[in-house]
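Open the structure in your viewer and keep the selection tool at hand. We will go stop by stop.

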There are 2 protein chains.
Amino acid sequence: MTAVSDEGMWLLSDPPKQLLKDKHKFELTDTWAKNAMLGSVRLNSGGSGGFVSADGLFVTNHHVAADSLQKLSKSGQDLLRDGFYADARDKELKCPDQEINVLQEITDVTKEVNAAVKPGMSAGEAFAARRTVMGKIEKESLDKTGLRSDVVTLYNGGLYHLYLYKKFTDVRLVFAPERQAASFGGDVDNFEYPRMNLDVAFFRAYENDKPAKTPNFFKWSETGPLGGDLVFVTGHPGTTQRLETLARLKHRRDHTLPYTLYRLRTLEAALIQYSEQSGEKRRQAATDLHSVANARKAFSGQLQGLLDPIVIEQKNKSERQLIESAAAYKQRASMIPGPVDPKWLSAFDDTLDALAKIEGVQRRLRGFEKEYNLLELGHAFYTPLFGTARHCVRMGDELPKKPADRLREYRDSNLESLKYQLYSPAPMYPELERAKLATSLTFLAENLGGEHPLVRLVLGGKNPATRAEELIAGTKLFDPAERKKLVEGSKEAIDASNDPMILLAKAIDAEARKLRTQYETEVEEPERQGYAALSGVRFLTYGNTVAPDATFTLRLAFGTVQGYEVGGEKLNFHTTFGEAFEKAARLDGKEPFDLPRRWLDGKDKLDLKTPFNFVSTADTIGGNSGSPVLNRAGELVGINFDRNRHGLVRNFVYTDVQARHIAVHSKAVLEALRKLYPAAPLVKELTGK
Amino acid sequence: MTAVSDEGMWLLSDPPKQLLKDKHKFELTDTWAKNAMLGSVRLNSGGSGGFVSADGLFVTNHHVAADSLQKLSKSGQDLLRDGFYADARDKELKCPDQEINVLQEITDVTKEVNAAVKPGMSAGEAFAARRTVMGKIEKESLDKTGLRSDVVTLYNGGLYHLYLYKKFTDVRLVFAPERQAASFGGDVDNFEYPRMNLDVAFFRAYENDKPAKTPNFFKWSETGPLGGDLVFVTGHPGTTQRLETLARLKHRRDHTLPYTLYRLRTLEAALIQYSEQSGEKRRQAATDLHSVANARKAFSGQLQGLLDPIVIEQKNKSERQLIESAAAYKQRASMIPGPVDPKWLSAFDDTLDALAKIEGVQRRLRGFEKEYNLLELGHAFYTPLFGTARHCVRMGDELPKKPADRLREYRDSNLESLKYQLYSPAPMYPELERAKLATSLTFLAENLGGEHPLVRLVLGGKNPATRAEELIAGTKLFDPAERKKLVEGSKEAIDASNDPMILLAKAIDAEARKLRTQYETEVEEPERQGYAALSGVRFLTYGNTVAPDATFTLRLAFGTVQGYEVGGEKLNFHTTFGEAFEKAARLDGKEPFDLPRRWLDGKDKLDLKTPFNFVSTADTIGGNSGSPVLNRAGELVGINFDRNRHGLVRNFVYTDVQARHIAVHSKAVLEALRKLYPAAPLVKELTGK
């Protein structure tokens, strides 16, 4: 259970200084850590980035930028496919709904949060008490600092931290290459290595219509990393399950993941079918399809991992070790004369109780997980229009309540961001939303059966295809003004609405809320309590040498730049431009192995030996996409964009034998910007030259 | 429950003469029926066809021929994509494993089969008794006639007929167009209309290395059909479920179909991912992908149908009518003085008992359907290599038994065809089979969970991907000689084999057989008994005016050539060549809307007004692909290749409002053969000119 080798997505407030010193002879200073924190960017559409100039310029992945690129495109003008470059600031394109957060400060509020839960409280009461105190802490912080304030749950409930973010909602597109260059190899090469992807894009944060001042940024390295170099990855890894119990992992393996893959393959099939209808439809569905296919590949890897008896045995072993270590404390406590740490005495029983409690949770969860996913998580309604309708309906009910009593997403500290999303003018396509909704309504019926009262309620006497048609044809929620009217008009406007999507959201709200409460009291709260107890034992045994699971909050990972072997073949730590052209030629330049015209025409201008992508052992996961990769000096030497397939089990276990994250080399970006695009002003901003 | 309008896939031995006379003033003579029977072809790879010359030439669909086209192709020579034409007989290409059957005679054996089941027999005994008597009837017929002899179950057990087939295993490819011409519009336009597909291919049956003599053939019509014409479709519709009870249909809706779609989308996603890796891999996976995508679309339509309350209400109503009619017989019986038909007395109780019995079957089936599908139907092992291994293992056990005691597929009358398939030299591709097997082993684990004893047994301590790799790398069953050695070497050879695929098939055989027996005794036999009882009541009420459900045996349907309306738009009964070029232009000629070079270059030679595809109301289903469409004179006026999407609910209900089958116009084939390909000798054989 202790961190091995380069394992760990560490808290910026508690980085592994000693480990870095012992292992890599690196002194991580507070200044270094602070610059890493203030230079790192979280994109709320999902992903990471880093400031690379003092004028708000930041870099991320093309595939993270895809959401904005898609929303800035329209029929006949496809920025996602064709790329974009603004060679002057007044040509930079404002994204319709991109929000970025930059972490400013971390405070431990564990005691305050836990103090709210009194002995003897039911799970429901405990959950509510915790929610209330978290809401209160956030509200007070927001009022005091004006910063976005989020209480973050760490170690599945072992710690609670208050994160303060500076927020930017004026984000403008500066540069993106063609999709073929950014994701050369497409789905085929996703999660594979060797790779040759220029998976980067540049945005600029604005404040008051001027480029934001960002004195904490990462200097762009003109040389990039060498083999054997120590590198750091700073970013926002999404979720990992390394500290989950075996019972929880088996539940994932046998229930959650099969359901998830069933769902993803269903959506993927539908989106592919939609895309094949015409070039324009393909354009419309591009980001949805990419994100579904990417998730399908990631979750497939997770499932293979959990079906691997070696992985299960490794988890089993670490769980037994925790039990044994707890037993040892109890025994030592009984042998020491005089008073002992009460934690020593209770550790063993706490561990067994917590494991049993979490195992019991899985049994209960099986009984309603599908209903919960479909109705409350909205898997039955795969269209943003339903999400919007639900927010409208719930805001009507929730906003009149005291902030601390509201559902978490309607807390005061989140409202501004939420409304920013809700009123987004980003384009939507009725035919695409109809196809998506029909697919997910069918998926609902497939999962619960045609007689299920919730299915009948949702379908209202139609088959899924007809019902989707009726909902999409009837709703006015495509129009941002309509959404605003409903939300600002409060509960009266909602009650008076006869928009079919609003009526649907209203009709199922009682059931959906019931499922949510059931999930909170029968799953979330008991698991939190169980994991808090396990965390206590783990802290006792291993101290702070085990990093918490990822939670889409800022973390620091470190690793070594090095290649690896597969089936006897040695893979170099970096690829080159030349390899991209060779692979394209070998596969007849057929999609997804087609390089952009600009690249084919400009080949002679390029130094084909330029390193293109590189790998290191640093510990990353989805959400780290776009993360700055830094060297000892804190300079940006790469932009992380993927893991290899051996890294797909990282959700559960870390290994550095073959698992690697993959990054675009900082030198490759400069070479491409100089020779192919050419983007001299951008290069100058990055390098001063 | 009575046939409405043009409903019905009728038995050739009992065609609806009166109906045709009353409705269409058509006298269906015995000569006409006999020619239809002897001219019709069943392709054992799945599909229909019809002889079109006295020299064994027959026509079918390109998508039915695809299986053979694929097997005749290799890297660098893609007949499926590029087409083929033999302008002389010695250039015709022998298919590696195509078998066709031509129905010669039909005999009713219902009494014999039912007499074998004695009162008081358990379901298991009854099933065995029935199997034994069917085997005996078939064996005697084979010995007597030398013809392939199959006892066919009709009305789900209401009737049993003995079908005698003449068999041809020397089948040679004569002509196939490019895939782009045959399935212009691909998956997008599959099950859609208007269509413009040259979905035809020609083969020739050989006997003793000479073209077979086929005096019963269909004369090729040079004019084709006009709007309003009566047409007939003769062919081998696969399966329908129109006579199934509501309980069975609900089971399909809530269990079988969701599972099926989950499976198909899983396979489709995997095959698409495989295909994207290179042009050659795309070629390898082409037929698998087409058949999976086609099934996915068909079953999606079925599910939408069963989720449509109108369809369910219609089934509910016809079931109530049957009950009411049975009740009326009972009441009449009680009012008539003197002796009455005992069927009148028992009809009502029989109906209720049968419905209850069939409903009970569904409850039991839910408990083991997935295991049965995965293990016994082989859904866990999506590769012909496993099927081969299982046949080897089971033939070792079964062949020493008395023919009548064997599993049905090893009855003497089927052995020759089975071995012909088993020893097929058709190419297989290890990487493709590995990808398919890994996918289906994962699907097994997803469905049953990682701890399930059968999953552990199958995976043998590996994850699915690793296990698939090991099985494919280790098996020698790619080699037909190896298969022959095992089968001919009998049980000793099997026992001595350490081929991992054979070992797998052996390891799970006891469990798989157990599931099969459970299915036979808890599902098949009680359903047969239940449906036989319902058939009795239906015969009593409606006589022979209700056609049996389809069973991939020869049937005759009839209908009227006519267009229909969708959303106010009137669709003509036929399309033209010109419309194909217009659609390709409108969609930028991008795949799947890319016409072959030959067509683009030859456009000026074509009469663009030539009718291309046409629709009629005749009652067809999957399996009717390639069916001859005949006019009153018994001439071939078209080749059926699809239904429109409104026809996808035909499994359960027939309607002629919008549902249509779609056929290639006989004139279109001649125009293309004359102007584009040119194939003068083939045209001459068809038309004499």
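Start by selecting Val458(A). Leaving aside neighbours within four places in sequence, Val458(A) is in contact with Ala380(A), Leu441(A), Leu444(A), Leu504(A) and Ile508(A). Keep in mind that this model is predicted.

**Stop 1: around Val458(A)**

Show the helices of chain A. Val458(A) sits in helix H16, residues 453-459. Is Val458(A) buried or exposed? Count the C-beta atoms around it: 24 others lie within 10 Å, and the cut-off for buried is 20 or more, so Val458(A) is buried. Now pick one of its contacts, Leu441(A). Along the chain, Leu441(A) and Val458(A) are 17 residues apart, and their C-alpha atoms are separated by 8.2 Å.

**Stop 2: where the chains meet**

Next, show chains A and B together. How many residues does each chain bring to the contact? Chain A gives 40 residues and chain B gives 40 residues. Colour the elements of chain A that give two or more residues to this side: helices H8 (186-189), H9 (246-275), H10 (279-306), H15 (430-448) and H17 (464-474). Which of them gives the most? H9(A) does, with 12 residues. Then colour the chain A side by class. You get 15 nonpolar, 13 polar and 12 charged residues.

**Stop 3: H9 and H10 in chain B**

Switch to chain B. Select helix H9 (residues 246-275) and helix H10 (residues 279-306). Their axes come within 8 Å and cross at roughly 155°. Angles over 145 degrees count as roughly antiparallel, so H9(B) is roughly antiparallel to H10(B). The crossing is left-handed. By class, this contact has 16 nonpolar, 4 polar and 8 charged residues.

**Stop 4: H15 and H17 in chain B**

Stay in chain B. Select helix H15 (residues 430-448) and helix H17 (residues 464-474). They pack at an angle of about 140°, with axes 8 Å apart. That angle makes H15(B) oblique to H17(B). The crossing of this pair is right-handed. Show the side chains at the contact. From H15(B), look for residues including Leu437(B), Ala438(B) and Leu441(B). From H17(B), look for residues including Ala468(B), Leu471(B) and Ile472(B). In total, the contact has 10 nonpolar, 1 polar and 4 charged residues.

**Stop 5: the largest nonpolar core**

Nonpolar side chains tend to be buried together in soluble globular proteins. Here, the largest nonpolar core has 354 residues. Which members touch the most others? They are Val52(A), Ala389(A), Val52(B) and Ala389(B). Helix H20 of chain B, residues 500-542, gives the most to this core, with 13 residues.

Zoom in on Val52(B). Not counting residues up to four places away in sequence, Val52(B) touches Leu57(B), Phe58(B), Val59(B), Phe217(B), Phe218(B), Trp220(B), Leu636(B) and Leu686(B).

**Stop 6: Leu636(B)**

Follow one of those contacts to Leu636(B). Where is Leu636(B)? Leu636(B) lies in strand S20 of chain B, residues 636-643. With 24 other C-beta atoms within 10 Å, Leu636(B) is buried. Beyond four places in sequence, its contacts include Gly50(B), Phe218(B), Trp220(B), Pro628(B) and Ser666(B). Finally, draw a line from Leu636(B) to Met335(B). These two are 301 residues apart along the chain, and 54 Å separates their C-alpha atoms.

Note on methods: Residues are numbered from 1 along each chain as its sequence is written. Chains are lettered from A and ligands numbered from 1 in the order in which they are written. This is a predicted model: local features need pLDDT of at least 70, side-chain atom pairs count only at pLDDT 80 or more; totals for chains, interfaces and linings use all residues. Two residues are in contact if their C-beta atoms, placed from the backbone, lie within 7 Å. Helices (H or I, at least four residues) and strands (E, at least two) are DSSP runs, numbered from the N terminus. Ala, Val, Leu, Ile, Met, Phe, Trp, Tyr, Cys and Pro count as nonpolar, Asp, Glu, Lys and Arg as charged, and the others, Gly among them, as polar. A nonpolar core is a set of buried Ala, Val, Leu, Ile, Met, Phe, Trp, Tyr and Cys residues joined through C-beta atoms within 7 Å. A residue is buried if 20 or more other C-beta atoms lie within 10 Å of its own, exposed if 12 or fewer, and partly exposed in between; C-beta atoms are placed from the backbone. Axes are lines fitted to C-alpha atoms, for helices over the stretch in contact, and angles run from 0 to 180 degrees between N-to-C directions. Angles under 35 degrees count as roughly parallel, over 145 as roughly antiparallel, 65 to 115 as roughly perpendicular and the rest as oblique. A crossing is left-handed if the near helix is turned anticlockwise from the far one by less than a right angle, and right-handed if clockwise.
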